[in-house]
Amino acid sequence: MTEKLLEAHDVSVDFRIGDEYQKAISGINLNIERGKVLALVGESGSGKSTFATSIMGLHNPEYTKVNGSIQVAGKEVVGLTEKEFDQIRGVSVGMIFQDPLSSLNPLMKIGEQIAEAITVHDKGSTKVKNRVRELLNDVGIDEEKRVADQYPHQLSGGMRQRVMIAIALANEPDLIIADEPTTALDSIIQAQILDLIKEIQKKKDAGVLLITHNLDVVAELADDVAVMYAGQIVEKGAVEQIFENPKHPYTQSLLKADPSNVQPGEHLYAIPGTVPSLAEMDFSKDSFLKRVPGLDEAVVNATVSDVLTEVEDGHFVRGNAWKNFNIDEQAQRKD
Ligand SMILES: Nc1ncnc2c1ncn2[C@@H]1O[C@H](COP(=O)(O)OP(=O)(O)OP(=O)(O)O)[C@@H](O)[C@H]1O
Ligand SMILES: [Mg+2]
């Protein structure tokens, strides 16, 4: 039996803007099994962080509505109070954010911040001190005594991200969410941090939701991939299925627009147009089709179910437009 560490069913998030609520994501169905890495990809503004934040209960209920069902390690989290979420955050699910500097407290020593994350009452005990050192070691920091005594600004970006990972792992969560964990780092440090996430994930047999714009990272770390556009999942499947047999026009376009796919002498393909704002979103349609030059109006405006179709074992795609779409032909167009 596989154990599902994340089971998201029909998740939607609405933000209050002025007097109205506007939907940012809708109909999200995603699962992560123990020991698996699911990469969530899509352009800026597609709703990746909105989804991740809803798992952690970090949306402000005063102006955000989260609907649907999200089970973390078998426990429903939609509708939990802040107090109830406190029992889950950091315990069943840990999150690594993009910018460690804004997530760490500038006035607290590193050791204290990690101790703070460990769920025991006596933060000053020898047991907690030893655990802090052990965690720093786990994330590849050898001089753990010195680092524990420093403040965030005294560390490099890579070291700060290691500390954030130590905090996320303090209570050995089953599920780790990493939202662009390396974007702020240079490429050598990026590789080290990604290796670290992978190593920890293997060691703990955790599930990982990895949000990234870097498709090389996806290819290296992910078991499964979900592609998000304008608040909806347009395609999902095993990493080989998505990379070798992409179906949805958006997935094909994203792969084509990836810098590592440029052939010598070829220009990098740029996807025409931009991601719609919340006010422009229309969840009853396949909204990416607006950005595909040359399509029939009828195809662009057709109502499309948000239930995905299984095109091969475990590989799901939204709508039918992919049946007549080929990115190489599209990229040749001169209009
Ligand atoms: N608190 C909020 N209030 C209103 N709108 C929001 C809020 N948070 C996000 N949005 C909007 O929701 C949409 C999705 O944003 P989100 O940050 O989830 O995208 P993303 O895929 O994580 O993008 P990026 O790759 O840039 O991190 C965007 O249109 C964004 O402007
Ligand atoms: Mg984001």
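**View 1. Secondary-structure elements lining the largest pocket of the predicted model.** At least two lining residues come from each of strand S6 (93-96), helix H4 (110-117) and helix H7 (157-169). The volume of the largest pocket is about 580 Å³. The lining comprises 25 residues, of which Arg89, Gly90, Glu116, Ala117 and Ile167 are the closest to the pocket centre.

**View 2. Helix H8, residues 187-204.** H8 has 18 residues, and the distance from its first C-alpha to its last is 26 Å, close to the 26 Å expected at 1.5 Å a residue. Gln190, Ile193, Leu194, Leu196, Ile197, Ile200 and Gln201 are the buried residues of H8. These residues lie on the same side of H8 because they cover an arc of only 155° around the axis. An α-helix has 3.6 residues a turn, so residues three or four places apart point the same way. Ile188, Lys202 and Lys203 are exposed and sit on the face of H8 turned away from its buried side.

**View 3. Residues 6-255, the extent of an annotated domain.** The UniProt record, an unreviewed entry, places the feature "domain: ABC transporter" at these residues. Over residues 6-255 the chain is 38% helix and 28% strand. The end C-alpha atoms of this stretch are 26 Å apart.

Notes:
Residues numbered from 1 in each chain as written. Chains lettered and ligands numbered in written order. Predicted model: local features only at pLDDT ≥ 70, side-chain atom pairs only at ≥ 80, totals over all residues. Heavy atoms only, no water. Helix = DSSP H or I, 4+ residues; strand = E, 2+ residues; numbered from the N terminus. Expected span 1.5 Å × (residues − 1). Buried < 20%, exposed > 50% of the residue type's maximum accessible area, 1.4 Å probe, protein only. Arc of directions from axis to C-beta. UniProt positions renumbered as here; feature names shortened; annotations may be inferred. 1 Å grid on protein atoms, 1.4 Å probe; cavity = no way out; pocket = protein on both sides within 12 Å on 5 of 7 lines; lining within 4 Å. Points joined across faces, edges and corners; volume = space filled by probe spheres on them.
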